[in-house]
Amino acid sequence: MKAIFLSDAHLRDVSDDNYRHLLEFLNKQQDLDALFLLGDIFELWMGYKHLVFSAYVPVLEQLQRLSDNGTRLYYAEGNHDISLGPYFSSTLNCHIITEEELVQWDNRNILVCHGDLINPTPGYLRMRKFWRGRIMKFLTRIIHPDAIWKLGLWLSEKSLQQRPANKKYDPTIWLQDYAANRVPTSCDLIICGHFHFPVFLTQENRQIIALGDWQTQRSCAELVDGKISVKTYPG
């Protein structure tokens, strides 16, 4: 059996390199048993009932092809994927994970999540609750989707500007604490995204992986017949 895990593509425009490479990568997956998308695949996703942002049609078509060919889709919502909604659950037949979930796959007990809740600040938890709350759902019903799209991209740009240039944080100590204190004992593999910093370690016979990101590193993980490895595209 073969499963692929990837996260943090932050797709915006099909002409961007990270978008184009993801389409190439997905198109090459012909006999894939499962695809785990661990959040922030899109720069902004709002789970509307009857529409999707046109910029994402090409990648959604690839996901539809995989689903139609028997690939089981899993999607852990991230901090840019705000309520995936019925398109993923009904149209793509995707299993949606809102926070974290222990998934049994290929004789492994895998804890999958985006990673934003591994070491959150109180401010982030308040913001996350707002974006997924009733007020935001009401606003998306009365504000034109074009305005939501522009607002989401503007907020993403502001967030990037507030970060120190080229500063990335090694999440190893947070992942070790998370594995030791908040993960079921039956779990033997933890995989997350979010940190844009690759980690591969073993703690008490449990493997812990942070994927890095697809946006700049083109990183992903492959689970083949129970054995996990981290790769980059093109390999």
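Predicted model: local features only at pLDDT ≥ 70, side-chain atom pairs only at ≥ 80, totals over all residues.
Is Arg 218 buried or exposed?

**Arg 218.** I get 12% relative accessibility, so Arg 218 counts as buried. I found Arg 218 in the loop that runs between strand S11 (206-211) and strand S12 (219-224). I also checked the backbone: phi of Arg 218 is near 55°, which is positive although the residue is not glycine.

**Asn 93.** Next I looked up another backbone angle. Asn 93 has phi near 55°, again a positive value in a non-glycine residue. I place Asn 93 in the loop between helix H3 (86-91) and strand S6 (95-97).

**Pro 234.** Then I went through the peptide bonds. The one from Tyr 233 to Pro 234 is cis, and I noted omega near -10°. Pro 234 sits in the segment after strand S13 (227-232).

**Cysteines.** How many disulfides does a search of the whole structure find? I came back with zero. Cys 187 has 3% relative accessibility, so I put it down as buried. I checked Cys 220 too: it is in no disulfide, and the nearest cysteine sulfur, in Cys 192, is 15 Å away. At 2% relative accessibility, Cys 220 goes down as buried.

Methods
Residues numbered from 1 in each chain as written. Heavy atoms only, no water. Helix = DSSP H or I, 4+ residues; strand = E, 2+ residues; numbered from the N terminus. Buried < 20%, exposed > 50% of the residue type's maximum accessible area, 1.4 Å probe, protein only. Disulfide = S-S within 2.5 Å.
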